[in-house]
Amino acid sequence: MRIAVGQGSCGIAAGAGKVYDALSKLLPKEKLGITGCIGMCFLEPIVDIYEEDRLVARLVHVAEADAEKIAEALKTNDLSLVENLKISKEDESFLTKQTRIALRHCGIINPMDMEDYIKVGGYGALSKVLTTMSPEDVIETIKISGLAGRGGAGFPTWFKWNAARNATGDKKYLICNADEGDPGAFMDRAVIESDPHNLIEGMLIAAYAIGAQEAVVYVRAEYPLAILRLENAIKEARENGFLGDHILRSGFSCDMRIKAGAGAFVCGEETALIESLEGSRGMPRLKPPFPANAGYWQEPSNINNVETFANVAWIIENGGEAFAAMGTEDSKGTKVFALTGKIARGGLVEIPMGMTLRSVIYEIGGGIRDGGTFKAVQMGGPSGGCIPEALLDTVIDYKKLGATGAIMGSGGMVVMDEHTCMVNMAKFFLDFTTNESCGKCVHCRIGTKRMSEILNRITHGEGKDGDIELLEELCMAIKDGALCGLGQTAPNPVLTTLRYFRNEYEAHINDKKCPAKECTALISYRIDENKCKGCTLCAKRCPVGAIFGEVKAPHSIDASACIKCGQCASVCRFGAVVTE
Amino acid sequence: MADIQLFINDTEVTAKAGDTILAAAKEAGIEIPTLCYDESVKVYGACGLCLVEAEGVPKLLRACSSKVSKGMRVSTQTPRVEKARRIALELLMGAHQGDCLGPCTLNCPAGTDAQGYVKKISEGDFHGAIEIIKEKLPLPASIGRVCPHPCETVCRRKLVEEPISIAFLKAFAADEDLKENTYRAVAHAATGKKVAIIGGGPAGLTAAYFLRLEGHSVTIFDAMPKMGGMLRYGIPEYRLPKAVLDREIEEIVQYGVELKNNVRIGSDITLSQLQADFDAVLIAIGAWKSMPMGVDGEELSGVIPGIELLRRVALGEKPAIGKRVAVCGGGNTAMDACRTAVRLGAEEVYVVYRRTRAEMPAEQIEIEEAMEEGVTFKFLTNPAEIIGEDGKVKEIKLQVMELGAPDASGRRSPVPVEGCFETLPVDSVIMAIGQKVDITGMDGVETNKRGILAADERSFRTNLPNVFAVGDATNRGASIAIAAIGEANKAARVIDGFLMGMEIPYRAPIVSEQTLTEENFKDRDKMPRAKMPCRSPEERKHDFCEINLGFSKEAVMEEAKRCLSCGCHDYHDCKLIYYADKYGIDTKRMAGENERHEKEQKLLCIERDQNKCVLCNLCVRVCDEVAQKGILGLVGRGFQTVIRPEFNTAQTIECCKNCMKCVQACPTGALKML
């Protein structure tokens, strides 16, 4: 038996590095390996035990202290020793209900070892392409598959490839957009950290299809582990003839490099990304011309997102039809979502298009955490919108999601319960876009700032008559006038919350009340004398000493001193602290 | 390149393939607004003003970057397009900080370009100053002497030490101009249209001047023997020598204005007759009736309305007012009356005012000078009764007052102290508590609730078809001369439009302003305000000769140099103001929190004011693409984005050859050549 410790960024953050270090002191090198991210963030750190290539046990929430027990189980071949660490049947359903293509190797192979990738059939698709397919064949296969841009826009991939293929220029470039910036989205990071060769292979196939000799991966600098693993993979691929001149002894030559982006959200917009690649300030260019004709250094360039490339090798291996067999009329294949927020089981989820939101949230995600009530799900991050309970049976499909006012986006899926104030949520995203606006066009630079100020005043109980109308006016103006996708979609969180939760805005403005009791300016805390047992816990916890009372006698809060941090309510074991 | 046909606003237009919509429209003479486009540099597409609609395209297109195509149908003025542009302009204006016009100009009811003429005066160019002044005000020597100068009240120099002495500077320039080689405006050719102006006061004279310059024939009808209105009959000689006023009226008359004095409308000629004889009639009759006090004894001999006293003195009479005089009121007329009383030989002159000195509406200098001349101020007293003997004033009973709660105007209301009275033995009582409009003869003109003529505030039209009205006789009633002049100036433009068959309501210029404090000016050197030399109280109180001795030329120029030049140097060329005005936007609608930036002169010959920058990036692009220097760059992100010289080093300055291309490219006043 051998073991693999899940070593994605999320696992490491949860303590997987320490678990690995502890195990390495107890186990011989050949028995201990790493793998990427399986996507079950809620169970990290995860340790998988394999018998040959068969997974025999998946241990979850593993602590450093569990290392000896695990090592002992391995030495004695007795898995009963780690029985209490094994994943529950219920939690296993998180994976079993998924269909994994882009994530097919994630959490299974060792991302630092190309051999592992080769063992699961890696670079087979590239070999097939270079030996049996013309670039046109490749584009045709992608066309049949119906693959669309997974970065958010959902533009048909074959179309872009074809445009770049047909464009004339001295040199063509293939660019991978790994500037994943939506708050709550991390599928691109997981793919690079867990399966970098899959990305390289997908990119090489695309480069072959469009005729590019140079490929660049634009990764945000906040992803150091992804950069490290991709650098290693590029080195391995180059050493083994998968990159460079005459790849696999064919006539096709292409090299690849990484460009670390300095962390501007707008650089996820393809023309701003190109500006940044060229060393300029990351600001969008006017389109047309499109990058397919005049992109990087004004040469024909094709840009796709990480997840898009991660599907390519699979499509080549299995055929476009196999991919197109999944999904809906409009949207084919699978899509990865980062399920976060008030969800019981959060993590990376890859499901076939056409599944309902309800299935994803309840069957895979296990519903709302801590017995809460579902309120809405924010799809597509700051460019997307929220979808209320009444629309939970909407199927995942570009058009159907678009009709709700939300978007597929890059796959952020933030679940909210009854304690989430929708105005505050919209404000969060507007603050985000305001800060991330590049400052070029007037509508986005000033318009989002003004919207964010209006939302700020509403959540502070200073909203005025006419604020909703002013917000709506600004939303429409910014959608119409902004230069790039960032600005044009920035109003979406406000538009959808206004569409589905207008009453919350009205309550803030007219009644100076926050129905979700989240906006601190509009709430107050009070201790229910009948419930308070005088345990003094709240008074001890209060950071400003605003709670008074004798031991074993009901306490009270000095409202003038209270800073509304809510700590009293969270520590009270008797539910005596009431939010009003 | 091949020619292609397309339609812009339903007009067929020919353009070259590869042209942008903006270029094609320009070629066809159709203006599409833009702040960030310039032919010399690459297209940028930031300002969002050039948005247009194209048939079959769901999105709005940026005309600067969208290429024309065959048969394309472009609309540049649809409601959707206009709305998007308006919001872009409103957003820009809401983030645009600075003074388009200086506070002095903004606060002047006539909108005189005080900053402009003060600048000319500082250069000793009095002729140039008068040219600027007379664009708005044809009576500068008179007004400069008597105006309570709202311009100085808001002058920002007071944040350093004291305001500029703007009014006296104006009077000086005007006096110089009247001496020799007097300024002559160019009058338009005769239009054949006739305008009657009722009332030859500051408003009537101003309207006559501007209407005459437009080529209309103008006749002024006035009930008094000479023109000048309240300037002549309401302001004492010692403040405004009538010789000065006469000279300025002569200047207006020489353009060919006809004067008809001693004509009273209603008795000598009717308003309807004027309506019939003239193409337009402007009523500028002022407010010539004194407000009664409503106390017992008001009918007694020896009770004289203040403006009547001033008028009689101006007409050369010497009214017998006795030795002891009480003047009731706290405004400028009360000051004029009490000081006139001193000059008429009264030995004890009292000013009865129901509040305290702090609340007095009269000019501070007037109060001070009256005190110097021996006037006694009875603050916190109010006339309760005028007691007579044989039908003649004997004494005045005063109710003692105290200050209560602030009223609507913010001033504390005086309230009587019950049972507390004081009695002054006096020979006469002068009432100066306010003026009323005498509408006798203005038959058929609608009045408001207060019995004042009602005129539209923007078009100055009355209910009668060709009758307009301005000044003290209208709407809010009596105010200061410059306010009446301001209305007359605007009304002249409206009447000109009316006569020439156009409807031109007056529209306020669009400007932005800022809130500054002493803190912003703490580095400025203190330069005290020039003090007007004047005759001693002992000397002046015995005659009606002018009190002020006047400034020297050197003193005037020094004083003018204190001006901070608040208004934007680029006001007349600013594209942002041009479009904002054109689209009639509300500059405050999209206001919000803005960053405040300091002006900076790192490039030695160029001053940069980020507060006025619209981030069109033209300076950056011109420096890079045209001047090939690349000295400027964008720093920061989103709303915090600013333009800065790269690296801010000595090499940067060295590199800048002051080609000024950036300054020329800037659509606003953010860049200034030093």
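In chain A, 72% of the contacts between residues at least 6 apart in sequence join residues at least 24 apart. Two residues are in contact if their C-beta atoms, placed from the backbone, lie within 7 Å. The model is predicted: local features need pLDDT of at least 70, side-chain atom pairs count only at pLDDT 80 or more, and totals for chains, interfaces and linings use all residues. Residues are numbered from 1 along each chain as its sequence is written, while chains are lettered from A and ligands numbered from 1 in the order in which they are written.

Chain A contains 23 helices and 17 strands. Helices (H or I, at least four residues) and strands (E, at least two) are DSSP runs, numbered from the N terminus. The C-alpha trace of chain A spans about 85 × 65 × 40 Å along its principal axes. Of the 580 residues in chain A, 55% are buried. A residue is buried if 20 or more other C-beta atoms lie within 10 Å of its own, exposed if 12 or fewer, and partly exposed in between; the C-beta atoms are placed from the backbone.

Four strands of chain A form an open sheet in the order 2-1-3-4, with mixed pairing. Two strands pair if DSSP finds at least two bridges between them. Strand 2 (32-35) and strand 4 (54-59) of chain A are the edge strands, and each pairs on one side only. Neighbouring strands of this sheet are turned by 30° against each other on average, direction ignored. Strand 1 (residues 2-6) and strand 3 (residues 47-51) of chain A are antiparallel and share four bridges. Here A4(A) has D48(A) in strand 3 of chain A as its bridge partner. Five bridges link strand 3 of chain A to strand 4 of chain A, again in the antiparallel sense. Y50(A) stands opposite L55(A) of strand 4 of chain A. The hairpin of these two strands has two residues between the strands, and E52(A) takes a positive phi near 55°. Helix 2 (residues 16-26) of chain A lies across strand 1, strand 2 and strand 3 of chain A. This helix runs at about 155° to strand 1 of chain A. Axes are lines fitted to C-alpha atoms, for helices over the stretch in contact, and angles run from 0 to 180 degrees between N-to-C directions.

Elsewhere in chain A, N530(A) sits in the loop between strand 14 (525-527) and helix 22 (537-541). N530(A) is exposed, with 8 other C-beta atoms within 10 Å. N530(A) and G485(A) are 45 residues apart in sequence, and their C-alpha atoms are 55 Å apart in space.

Between the chains, 23 residues of chain A are in contact with 25 residues of chain B. On the chain A side, helix 17 (422-436), helix 18 (442-459) and helix 19 (467-481) each supply at least two residues. Helix 18 of chain A gives the largest share, eight residues. By class, this side has eight nonpolar, seven polar and eight charged residues. Ala, Val, Leu, Ile, Met, Phe, Trp, Tyr, Cys and Pro count as nonpolar, Asp, Glu, Lys and Arg as charged, and the others, Gly among them, as polar.

Chain B has 22 helices and 24 strands. Its C-alpha atoms fill a box of roughly 100 × 60 × 55 Å along the principal axes. Buried residues account for 48% of the 674 residues of chain B. Among contacts in chain B with a separation of 6 or more, 69% are between residues 24 or more positions apart.

In helix 5 (residues 126-133) of chain B, the buried residues include F126(B), A129(B), I130(B), I132(B) and I133(B). Seen down the helix axis, the buried residues fall within an arc of 160°, so they line one face of helix 5 of chain B. The arc is that of the directions from the helix axis to the C-beta atoms. Helix 4 (114-122), helix 6 (140-146) and helix 8 (166-179) of chain B are among the elements that cover these residues.

An open sheet in chain B has three strands in the order 15-16-17, with antiparallel pairing. Strand 15 (381-389) and strand 17 (412-425) of chain B are its edge strands. Neighbouring strands are turned by 20° against each other on average, direction ignored. Strand 15 of chain B and strand 16 (residues 392-406) of chain B are joined by eight bridges. G388(B) stands opposite V393(B) of strand 16 of chain B.
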